[in-house]
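This report describes selected features of one structural model. The sequence and the coordinates are shown below, and the discussion follows them.

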Amino acid sequence: MRISVVDVGSNTVRLVVADAEGGVPLPVHTAKWRLRLSQHVAHGGRIPDESVQQLCEAVAAAGRTAERWGAAEPLAFATAVVRSAPNRPEVLRAVRAETGIGLCTLPGEVEAELTFLAARRWMGWRSGPLALLDIGGGSLEVAFGRGRLPDFAASLPLGAARLTHEFFQGEDPPSARSVKALRRKVRHELRDVAARIRWEGPRTAVATSRTFQQLGRLCGAAPGRHGPFMERRLHRTELRRSLERLAALPAAERARLPGISAPRATQSLAGAVIGHTTMKLTGLKVVTICPWALREGVLLRHIEDGPSWWEDIVRFGEEMSWCGAATGDAVPLRIATPAR
């Protein structure tokens, strides 16, 4: 069986086509289209018509690519940048009308659950009680669990792109006062969630997302060319030193550092502040960088629980769009899950 997933994030639209033999999603083709929605959309703001058209074109191209590689219609979802937009229903309808692909938005807690599943499957059962951290462009997902799916999952408005726009707009490099204000924001939003993670006392901590991957490389982890099975860890003390280095440099110079790509150089400092503060508040001294994240979690749930699970996701996503249309706020909806 060949399946595919399309992930509309803050910066890119990504396609993964995978074979699902043996219950494991093995990638056969990946592609991405740069949109940089976060640069054109303020937090909670409308997605401009021009960006909607570009999104439709990228999703259509992803659908054509998936078809060429022998996959059915992609499982397509959008994360925080679309989820929080007040014109979210119009955007989702436009994508379906233009492409024939049913793009949906996932509640942040569901994103955390799916990313946790991917991390659990990658790390295996011997990792024991597991904590998960995932920094996206618009949100931070945190989860903890002892089984297949988390016992606790939270999504917080602490994305790297979002906080860069909120605290560092027009500053390059930002002032020490702005960095301190950002850290204060993270501490305030994360306080209760961090207390829960400390109380649970996880045996293993895992970090996913491109932000953590790049921070890990900056702090000395092996480059991507060494393959996904190379163990990569990020130590809090090393991240602290790298954070100070990032804070002293403008974005153009950060892009010359190991692991920091030019498109993400602007938000790399905010990502480092979020990552370090989260590790400190949760009491985590080291995290393992996991190559599997949300996209793999979607593929795994589809493989393990069947197409009806995704149909429920799409249906609840549509209800969320209509219920939250007036304010742009995410409506908390729990997707039923099978027994662990």
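Which helix gives the most to the lining of the largest cavity? In this predicted model, that contribution comes from helix 8, with four residues.

**The cavity**

The structure holds one cavity of 30 Å³ or more. The volume of the largest cavity is about 70 Å³. Its lining consists of R210, T211, Q214, L215, I260, R264, Q267, S268 and G271. At least two of the lining residues are supplied by helix 8, and at least two by helix 11. Sorted by class, the lining comprises five polar, two nonpolar and two charged residues.

**Helix 6 and its surroundings**

Helix 6 is mostly covered, since six of its eight residues are buried. These buried positions are A160, A161, R162, L163, T164 and F167. They pack against helix 1, strand 6 (130-135), helix 7, helix 8 and helix 11 (265-282).

Is H276 buried or exposed? H276 counts as buried because its relative accessible area is 6%, below the 20% cut-off. Apart from neighbours within four places in sequence, H276 is in contact with R183, R236, L239, R240 and L243.

Six strands form an open sheet in the order 8-7-6-9-11-10, and their pairing is mixed. At the edges are strand 8 (152-156) and strand 10 (233-235), each of which pairs on one side only. On average, neighbouring strands of this sheet are turned by 25° against each other, direction ignored.

Strand 7 (residues 140-145) pairs with strand 8 in the antiparallel sense, over five bridges. Within this part of the sheet, A143 stands opposite A153 in strand 8. Helix 5 (residues 108-123) packs on the sheet and touches strand 6, strand 7, strand 8, strand 9 and strand 11 (286-289). The direction of helix 5 makes about 55° with that of strand 7.

**Backbone features in loops**

| Residue | Phi | Relative accessibility | Class |
|---|---|---|---|
| R36 | about 55° | 31% | partly exposed |
| S209 | about 100° | 11% | buried |

R36 lies in the loop between strand 3 (26-34) and helix 1 (37-40). With a relative accessibility of 31%, R36 is classed as partly exposed, because that class covers the range between 20% and 50%. S209 is found in the loop that runs from strand 9 (204-208) to helix 8 (210-218). S209 is classed as buried because its relative accessible area of 11% is under 20%.

Which residues are joined by a cis peptide bond? The bond links D172 and P173, with omega at about 0°. P173 is placed in the loop between helix 6 (160-167) and helix 7 (176-200).

Note on methods
Residues are numbered from 1 along each chain as its sequence is written. This is a predicted model: local features need pLDDT of at least 70, side-chain atom pairs count only at pLDDT 80 or more; totals for chains, interfaces and linings use all residues. Side-chain values use heavy atoms; hydrogens and water are left out. Buried means under 20% relative accessible area, exposed over 50%, partly exposed in between (1.4 Å probe, protein chains only). Contact means heavy atoms within 4.5 Å. On a 1 Å grid over the protein atoms alone, a cavity is a set of points where a 1.4 Å probe fits but cannot get out, and a pocket is an open set with protein on both sides within 12 Å along at least five of seven lines; lining residues have an atom within 4 Å of a point. Grid points are joined across faces, edges and corners, and a volume is the space filled by probe spheres set on the points. Ala, Val, Leu, Ile, Met, Phe, Trp, Tyr, Cys and Pro count as nonpolar, Asp, Glu, Lys and Arg as charged, and the others, Gly among them, as polar. Two strands pair if DSSP finds at least two bridges between them. Axes are lines fitted to C-alpha atoms, for helices over the stretch in contact, and angles run from 0 to 180 degrees between N-to-C directions.
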